[in-house]
Amino acid sequence: MLSQGIDLFGLVADNLHDHAIILLEPDYTVRHWNAAAEQLTGISAVSAIGHKVTLISIPEGAAPRGSAVRLARETGKYEHQGWWGRADGTRFWVEEVITPLLDDGELVGYIDIAHHRVEKTDGTEDGAGSAGKLTADLASADRRAAFLDEASRILAASATNFESAVRSLARLAISRLADGCVVYVRQTDGALTIAEVAHRDLSRQDKLEHLRTDTIRLTPAHTLWSVFENAGPELFDVVSPELIAALATSPEHAQLLSELELQSAMITPLLARGRVIGAIMLVSNRPGAFSTDDLHLAEELGRRAAIAIDNARLYREAQEANRAKADFLAIVSHELRTPLNAIMGYSDLIDTGISGPVSENQRRQIDRIRTSARHLLQIIEEILSYARLESGGLEVDFEETTVGTLADEAAAITEPVTTGKGLAMKVSLPEQDRALITDPAKVRQVLVNLLSNATKFTDRGTVELAAWIDGEYAVYAVRDTGVGMSRDQLERIFDPFWQIERPTTRRTGGTGLGLSVARRFAHLLGGIIRVESTPQVGSTFELRIPLKPRETSAATGG
């Protein structure tokens, strides 16, 4: 079975529409046959996969397929140029490269066929003369444009994963441009690290892997210095001992580079947002392997890859900053909740008269302390829940309860605040209660958040909580006779920290997290929150959650 590395190679192959890519099993059976191979040879993938590679007609002057693969295994690569013929009599000129790849200790042949000249039926070479050269140049430009287009698609798919982005860049480079590739990335302190290495010959890739170091400090003597300082590419037709010495960071690395038998190289910067964020070094085991056109193509690939890598790194940094923020909020919330619980506990002790008689006036003051403490505790719970949601550390604990029980408990928590504000509190429960398997604490918090929000924006009238059963769903509706909301406001009420009133003039308190946490809890439980509102008339928030979690329903057939 092919490894994940080979699978990624196959993914890249499928996206190179102007290169016929053929992957072979150790017994020369075709494993992969991309769309370009179908078009170029006239043989469909269905007809090719699972059959021996000998189904391909042997090019003039080329070794038999089996012999060619054996030569590739023995020498590291087999190359041939010549005319190929189709069953319909047409002929086409190709550059064929067979490279051995190792997977779990077994040889797998990788054939790269590049179509370079116009198809003919009379056997004459159409590459002679100005017309033939122009056609070949145009075909080459088309192939390069197609490669860059497909490269952009593959890199875009990795735009949120830094490791995947640099890995895709390295695989793309060796699929079309070079035998080996090293991707350097600049860190915030200016030092370089080797983020990825790749080579068509996996034995040589192992040597490249040993080049990785913690950091590389650039000096004017280092080969990469001018690339980073001038933001320009470098082309080396011959890799001299002096160049290897300038690339190496230690005598051991110099020895490894010598063992790789590098013959030519080119280095191009990775430019993003006007700065050099890294570089690609492409190497070949053939002298003079790279042309000026190849260097331009590598530059363009580098520009596109730099955008993907930079975006992936920015995304990773944003995720890390978000986690740091969530951790900070969680710590602060936890530290605030500890003394607050003590305040509420001592208030309850005083109210019981343990410390002495309590007058009615003192009891009213104690009630206000408890009401304020509960309000503060709710704010802390909102912040803590939001922090856990952001960090991905929140789990769902399923328990069995009833639809009516959760409505009663949420109403009991918020009723003191609602009635204390002079509002009427109404609760409507289902006539026939039903069992509900969910996370009771999270549903209760959603209902408390919705009821508290309704109380906050209602100055007179009623706050109502209704519960009923609708098929396989429990439905809770919170209605108020408050200020209501406009259409523009409805589009933003679930955004974290957003509030209807301006921070400097608002009359109501709160963090602006209650509705955001409520909706995310609802989604976590497989439910949804809907809202309808009319300015100066009131609002209705409806929570729908399944009576059973989806896994339980599927397992029981419910």
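A search of the whole structure, a predicted model, finds 17 salt bridges. A salt bridge here is a side-chain nitrogen of Lys or Arg within 4 Å of a carboxyl oxygen of Asp or Glu. In this predicted model, local features need pLDDT of at least 70, side-chain atom pairs count only at pLDDT 80 or more, and totals for chains, interfaces and linings use all residues. Residues are numbered from 1 along each chain as its sequence is written, and side-chain values use heavy atoms, with hydrogens and water left out.

| Pair | N to O distance |
|---|---|
| Asp189 and Arg217 | 3.3 Å |
| Asp310 and Arg275 | 3.7 Å |
| Arg492 and Asp495 | 3.4 Å |

The Asp189 and Arg217 pair links distant parts of the chain, 28 residues apart. Asp189 lies in the loop between β6 and β7 (192–199). Arg217 lies in the loop between α7 (202–209) and α8 (225–230). Helices (H or I, at least four residues) and strands (E, at least two) are DSSP runs, numbered from the N terminus. Asp189 is partly exposed, at 47% relative accessibility. Burial follows relative accessible area: buried is under 20%, exposed over 50%, partly exposed in between (1.4 Å probe, protein chains only).

The Asp310 and Arg275 pair also connects distant parts of the chain, 35 residues apart. Asp310 sits in helix α11 (residues 292–351), Arg275 in strand β10. Asp310 is buried, because its relative accessibility is 3%. Arg275 is partly exposed at 37%.

Asp495 is partly exposed at 28%. Elsewhere, salt bridges that share partners join Asp348, Asp351, Arg363, Asp367 and Arg370 into one network.

Strands pair if DSSP finds at least two bridges between them. Strand β9 (residues 264–272) runs antiparallel to β10, with 9 bridges. Ala272 stands opposite Arg275. The β9 and β10 hairpin has 2 residues between the strands, and Arg273 takes a positive phi near 55° there. Strand β6 (residues 180–186) pairs with β10 in the antiparallel sense over 6 bridges. Tyr184 has Ala279 of β10 as its bridge partner.

Two charges sit over rings. The cut-off is NZ of Lys or CZ of Arg within 6 Å of the ring centre and within 35 degrees of the ring normal. Lys442 has its charged end over the ring of Phe521, 5.9 Å from the centre. Arg544 does likewise over Tyr473, at 5.2 Å.
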